[in-house]
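Here is a short report for a first look at a protein model. Start with the view below, then read on.

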Amino acid sequence: MACWPERTWRLEKSSSPFQGQSSFPSTPPPSRPSWRKACWLLQVGSLAPSSQFVDDGVKCMFSRFSDDTKQTLEGRARIQNDLDRLEKMVHNQSGQASLQSQSGWVPLLLSLLYEYTARNSYWQPYLSLWPDLKSLDHPMFWPEEERVQLLQGTGILEAVDKDLANIHLEYTSLILPFMESHPDIFDPKLHTLELYQRLVAFVMAYSFQEPLDEDEDEKEPNPPMMVPMADILNHVASNNANLEHSPECLRMVTTQPVCKGQEIFNTYGQMANWQLVHMYGFAEPYPGNTNDTADIQMVTVRKAALERARTAAEQQLVSEQWDFLCQMEMVGEEGAFVIGWEEVLTEEELSMTLKVLCMSVEEFEEFKEKDGWEEDTSEEEESMLSNEMIRKLKASRKKLLHNSVLLTLASYNSDLNAEQDLLNDKVAYGKLSQREQQALHVRYGQKKILHQLLELVQ
């Protein structure tokens with residue numbers, strides 16, 4: 001079978017509007033900076049040049065350019081002039097402040113609200129390639145009872161609850177007031193909370209974010225952007241292509257030879273199955289997702305430590321140890337320890353938590369006097385929680401971790417053996433709904449990781 005060699009697909013950020021219904025954008029000559037600006041405006045949250053949203057007394061302007069207009073010098077100058085004005089408006093500090101949110105997605109979502117419902121949207125050729133928003137099947141759209149039944153213990157329930165609360169807050173506190181201040185553009189009866197929620201799910205599944213540089217780790221993440229064509233590739237952990245960012249373009253680069261007829265897969269990042277279902281609505285069947293993880297809630301480890309305490313004095317000690325770990329910023333009420341196939345991803349936090357919660361009164365007092373500082377190199381080695389190092393943990397720490405895993409497994413609505421039987425029975429599996437199948441893959445992968453951890457701490 002013939003194979004394609006490794007190659008680069010060049011996708012320019014300066015793409016012109018689509019021609020017809022093709023999913024491939026026609027690329028204008030690099031001498032047209034106006035189109036590069038149009039894509040930049042897409043990134044900061046405006047689907048320019050058809051719509052320009054600014055606040056704080058600045059009039060919203062709309063421009064509709066025909067193909068004939070764009071071919072003339074006068075038409076190109078007009079587009080460039082509008083783009084220059086829009087760029088200044090977007091950077092207007094008072095206007096920006098009114099649309100700032102925790103997610104950073106509001107400007108883009110506001111633009112999509114308008115563009116998705118505008119009959120003459122300049123971006124209609126691109127929007128027509130989208131799936132029906134009602135076909136998006138993220139867990140946030142499942143009935144609550146079904147979510148609880150299928151996803152209890154996976155961590156998705158808590159993530160969805162936060163999503164729905166934040167979506168409602170952003171819509172009522174930012175989007176709705178903005179629409180009410182521009183009634184000639186927006187109609188709350190058309191641009192509803194339900195539509196906004198659907199667009200959030202769409203941005204979750206199809207947008208891109210330019211990665212931060214290594215020296216920018218402390219900065220907020222870059223805002224999302226919609227990138228035509230780059231969003232057509234599916235994801236697997238064993239991907240054969242990568243999307244590379246540069247100031248001038250995006251490149252889809254194959255990372256291994258690709259045979260004729262073989263699907264080209266991108267990677268959305270090192271994502272566990274629960275993250276894939278939460279953000280994209282699908283999971284990779286076991287054992288395909290080598291990036292899969294299982295969470296042990298931090299408060300579960302505290303619960304296991306308290307259950308082990310036999311007296312009120314021992315329980316008081318555990319409470320004081322937990323408070324000290326909180327002060328060290330090692331644990332939190334809503335945090336989780338992340339367990340992978342080969343190692344603990346939050347090894348420093350879990351190692352320190354096990355160590356402190358297993359200290360005697362004397363050891364803990366001495367530890368506090370040193371403000372949690374240790375110079376023992378052997379302790380540093382113990383904080384590296386690979387599977388090999390987990391086997392070498394002290395017995396007390398193994399026992400605490402063992403009990404924490406058992407408590408975590410008890411939070412699911414089903415056990416590993418029942419799900420193994422279901423996966424092995426092709427007839428029974430085939431009768432499951434799409435939601436039931438995806439949830440099964442999430443639960444099964446997590447439980448396999450947790451049972452592997454149980455074996456390591458025996």
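What volume does the second largest pocket have? The second largest pocket has a volume of about 930 Å³.

## Basis

This is a predicted model, in which local features need pLDDT of at least 70, side-chain atom pairs count only at pLDDT 80 or more, and totals for chains, interfaces and linings use all residues. Residues are numbered from 1 along each chain as its sequence is written, and side-chain values use heavy atoms, with hydrogens and water left out.

## Overall build

The protein has 20 helices and 13 strands. These are DSSP runs numbered from the N terminus: helices are H or I with at least four residues, strands are E with at least two. Of the 458 residues, 47% are buried (under 20% relative accessible area, 1.4 Å probe, protein chains only).

## The pocket

A pocket is an open set of points on a 1 Å grid over the protein atoms alone, where a 1.4 Å probe fits, with protein on both sides within 12 Å along at least five of seven lines; lining residues have an atom within 4 Å of a point. Its volume is the space filled by probe spheres set on the points, which are joined across faces, edges and corners.

The second largest pocket has 41 lining residues. Ala-205, Ser-207, Phe-208, Tyr-268 and Tyr-280 lie nearest its centre. Helix H9 (193-206) gives the most to this lining, 5 residues.

## The core

The largest nonpolar core has 49 residues. Such a core joins buried Ala, Val, Leu, Ile, Met, Phe, Trp, Tyr and Cys residues through side-chain atoms within 4.5 Å. Ile-175, Tyr-196 and Leu-199 touch the most other members. Helix H8 (156-180) gives the most to this core, with 10 residues.

Notes
Buried < 20%, exposed > 50% of the residue type's maximum accessible area, 1.4 Å probe, protein only.
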